[in-house]
Amino acid sequence: MGSSGMGSTGPDRTNDARDRDSAGRARNARPRDGLGRPLPYGADGVPRQPEGVVRTPPETVAEAQRLLDEGKPFHAHEVFEDAWKSGPEEERDLWRGLAQLAVGLTHSARGNVTGGARLLRRGAGAVVEWTAAQGQPRPHGMDLPGVVAWARGLAEAVERGDGPVDASRSAPRLT
């Protein structure tokens, strides 16, 4: 078994070409690399982030920053996604925007110029809109103006072709 976290309770691949969990929901159990790219079954991959973890906002920020610093923006996006899905309604657009920024960094590090820049800008726009609506430029200790400036600057650099994006070196400082 690779480090996908799936064992005997993993997906049943015998009756369907797609991985399914015990409830029949589609799940991709293939191991992933640090940028979330699927690896062959049986390969050693980066442990997946557990889904549906409810964290406090400071725990979310700390865990996402740790993953970003380790060059794992795909995994950081999953942490933001948990906050987006489980957090209070008035913060969901913030966490969704941050998840988009993490995915934008993921695509940029994978060499996807168009998708990376587009998601970085979309996430920055969502964060700006949330900040304007809520009047909170530093929720949970985050420096949203700094994060937005980072995202826009990285989008421009990616589009200019300034070279490959190293996910850990290009990671934002959330606080």
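Among contacts in the chain (heavy atoms within 4.5 Å) between residues at least 6 apart in sequence, 56% join residues at least 24 apart. The model is predicted, with local features requiring pLDDT of at least 70 and side-chain atom pairs pLDDT 80 or more, whereas totals for chains, interfaces and linings use all residues. Residues are numbered from 1 along each chain as its sequence is written, and side-chain values use heavy atoms, without hydrogens and water.

The chain contains 5 helices and 0 strands, assigned as DSSP runs numbered from the N terminus (helices H or I, at least four residues; strands E, at least two). Of its 175 residues, 45% are buried (under 20% relative accessible area, 1.4 Å probe, protein chains only). The accessible surface amounts to about 9,100 Å², 50% of it from carbon and sulfur atoms (Shrake-Rupley method, 1.4 Å probe).

Thr60 is located in helix α1 (residues 57-69) and counts as buried because its relative accessibility is 1%. Beyond its neighbours within four places in sequence, Thr60 contacts Arg55, Val79, Phe80, Ala83 and Trp95.

The whole structure holds 1 cavity of 30 Å³ or more, a cavity being a set of points on a 1 Å grid over the protein atoms alone where a 1.4 Å probe fits but cannot get out, with lining residues having an atom within 4 Å of a point.

Methods
Buried < 20%, exposed > 50% of the residue type's maximum accessible area, 1.4 Å probe, protein only. 1 Å grid on protein atoms, 1.4 Å probe; cavity = no way out; pocket = protein on both sides within 12 Å on 5 of 7 lines; lining within 4 Å. Points joined across faces, edges and corners; volume = space filled by probe spheres on them.
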